Amino acid sequence: MKELLRTTDPTIIAFATALLQGEDIDAFPVDVHMSVLEGSIGILPRRLFVPEEDWERACRVMADNGIQTTP
């Protein structure tokens, strides 16, 4: 597994996940329940992981849709 992106915006995670599912790439959002600990103020980033073998293809999908990935 390799980190694809990190953001404090939950809508980006949902959009990226939908895009990846459309390309048959498994996506695994993590840290999605951290809002319980942070009080829903949006300071803790959420991360999206993909299988390492799909990482380059996933980066292209994100770039094609204007979503910045983790370097």
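1. **Basis of the model.** The model is predicted, with local features needing pLDDT of at least 70 and side-chain atom pairs counting only at pLDDT 80 or more, while totals for chains, interfaces and linings use all residues. Residues are numbered from 1 along each chain as its sequence is written, and side-chain values use heavy atoms, with hydrogens and water left out.

2. **Overall fold.** The protein chain has 3 helices and 3 strands, where helices (H or I, at least four residues) and strands (E, at least two) are DSSP runs numbered from the N terminus. Read from the N terminus, the elements follow the order β-α-β-α-β-α. Contact is taken as heavy atoms within 4.5 Å, and among the contacts between residues at least 6 apart in sequence, 69% join residues at least 24 apart.

3. **Burial and total surface.** Of the 71 residues in the protein chain, 35% are buried; here buried means under 20% relative accessible area, exposed means over 50%, and partly exposed lies in between (1.4 Å probe, protein chains only). The protein chain exposes about 4500 Å², and carbon and sulfur atoms supply 53% of that area. Accessible areas come from the Shrake-Rupley method with a 1.4 Å probe, and for residues only the protein chains shown count as cover.

4. **Ala16 and Thr17 in helix α1.** Helix α1 (residues 10–22) holds Thr17, and Ala16 is placed in helix α1 as well. Ala16 counts as buried because its relative accessibility is 0%, and Thr17 counts as buried because its relative accessibility is 12%. Leaving aside residues up to four places away in sequence, Ala16 touches Leu5, Leu48, Met62 and Ile67, whereas Thr17, with the same exclusion, touches Ala27 and Leu48. For Ala16 and Leu5, which are 11 residues apart in sequence, the C-alpha to C-alpha distance is 9.0 Å.

5. **Salt bridge between Arg47 and Asp31.** A salt bridge is a side-chain nitrogen of Lys or Arg within 4 Å of a carboxyl oxygen of Asp or Glu, and by this rule the count comes to 3. In one of them the side chains of Arg47 and Asp31 meet at 2.7 Å, N to O. This pair links distant parts of the chain, with Arg47 in strand β3 (residues 46–50) and Asp31 in the loop between β2 and α2, 16 residues apart. Arg47 is partly exposed at 23% relative accessibility, and Asp31 is partly exposed at 25%.

6. **The other two charged pairs.** Glu3 and Arg6 form a salt bridge through their side chains at 2.8 Å, N to O; Glu3 is buried, with a relative accessible area of 14%, while Arg6 is partly exposed at 48% relative accessibility. Arg57 and Asp54 also form a salt bridge through their side chains, at 3.6 Å, N to O. Asp54 is buried, with a relative accessible area of 15%, while Arg57 is partly exposed, with a relative accessible area of 32%.

7. Met34 sits in the loop between β2 and α2 (35–38), and it counts as partly exposed because its relative accessible area is 27%. Along the chain Met34 and Pro45 are 11 residues apart, and their C-alpha atoms are separated by 8.6 Å.

8. Glu23, Asp24, Asp26, Glu52, Glu53 and Asp64 form a negative surface patch. Patches are made of residues with over 30% relative accessible area and no salt bridge, with like charges joined within 9 Å and nonpolar side chains (Val, Leu, Ile, Met, Phe, Trp, Tyr) joined within 5 Å. Lys and Arg count as positive and Asp and Glu as negative, with His and the chain ends not counted; the place of a charge is taken as NZ of Lys, CZ of Arg, CG of Asp or CD of Glu.

9. **Backbone of Asp24.** Asp24 lies in the loop between α1 and β2 (28–30), and it counts as exposed because its relative accessibility is 68%. The phi of Asp24 is near 60 degrees, a positive value in a residue other than glycine. Most residues other than glycine have a negative phi.
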